[in-house]
Amino acid sequence: MKEKYTLADDGFVGYWHPSDHHKGRAIIVFPGSGADYELTRKGSQFLRKAGWSCLIVGFAGWEGLPEDPVLTPVEYAERAVKVLKSAGFEKIAMYGISAGAKYAITAASLIPDVSLVIAGSPFDYTTEAFKGTKALNKSTFSWRGKPLAYDKTVTLHRNIISVLLRTAFSKKYGMRRMLRGCYDENVQTEKARIKVENMHADILMQCPGYDDCWPSDEAVPRMKKKLEECAYPYRVRATVYKKGSHLLCGDLSGSPEYLRSMRKILQAEYADQNACNKARKDSMKEALEFLDGWR
């Protein structure tokens, strides 16, 4: 294994953090939306402290990658899996928060070699790519050179200023739930649903009681129900942290500036930072316990 993988030489951007424990098993770590390598490294350090080897893989905004996920190849994840398999890792997990969680479940639904997924505040539909406030009429993800079916980001096809003002001053959403207000306008279609039932992996899904960013609080029980209906043969755990925020299952103790910025954006973080910190701590503990049951 190399310390660093580049798009030009390896077909993906990644950083290798090995451990001497849990031989033959490794975790591919994906960043959340807008998270750089350093924030992702710090946020996932609880996995490495527990002795897990991690390959941190970016899919947008990192060296050589487009700033925003636009037709982002799921093959980045597939290439990372192949690198680990060729290095002798027999069991491969994927872990992500927010956009990283969505990328992880998308990848696991398409790559049968993934045998465990940890998804913090995931969303289960592929959505339209955008840049700033401009809708691009393209999917966020692609596979085998073809775009994955997606649902339009409805608000970006309207007068965005009026939409944001209406959302910001509404009793239901307000300033710190504007993102959620925009996502709630989307119309979800079956063709854009991420087919989690196609995974061959244990899955741990976590969400807050109400997600200020996007409706992971609806997505997690929806995915759990789908897996139960199809008699999914692998472990499934879906946990709701009622007093948590969108930022679950990541160690943000070393990123105080980031947390302060999130208090301005997310109502849950603004209302009760201590409760959110506890939910994060509990969700990380649960993730490590789930990993201990990986067979």
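Guide: A word to start with: contact means heavy atoms within 4.5 Å. This is a predicted model, where local features need pLDDT of at least 70, side-chain atom pairs count only at pLDDT 80 or more, and totals for chains, interfaces and linings use all residues. Residues are numbered from 1 along each chain as its sequence is written, and side-chain values use heavy atoms, with hydrogens and water left out.

Visitor: Is Ser44 buried or exposed?
Guide: Ser44 lies in the loop between helix H2 (37-43) and helix H3 (45-49); helices (H or I, at least four residues) and strands (E, at least two) are DSSP runs, numbered from the N terminus. Leaving aside neighbours within four places in sequence, Ser44 is in contact with Val29, Ile56 and Tyr95. Buried means under 20% relative accessible area, exposed over 50%, partly exposed in between (1.4 Å probe, protein chains only). With a relative accessible area of 0%, Ser44 is buried.

Visitor: What is the order of the open sheet of three strands?
Guide: Two strands pair if DSSP finds at least two bridges between them. Strand S10 (residues 141-143) and S11 run antiparallel, joined by two bridges. Strand S5 (72-73) and strand S11 (146-147) each pair on one side only, which makes them the edge strands. The pairing is mixed, and the order is S5-S10-S11.

Visitor: Which residue takes a positive phi in the hairpin of S8 and S9?
Guide: Three bridges hold strand S8 (residues 128-131) to strand S9 (residues 134-139), and the two run antiparallel. Lys131 stands opposite Lys134 in S9. Two residues sit between the strands, and the one with a positive phi, near 65°, is Gly132.
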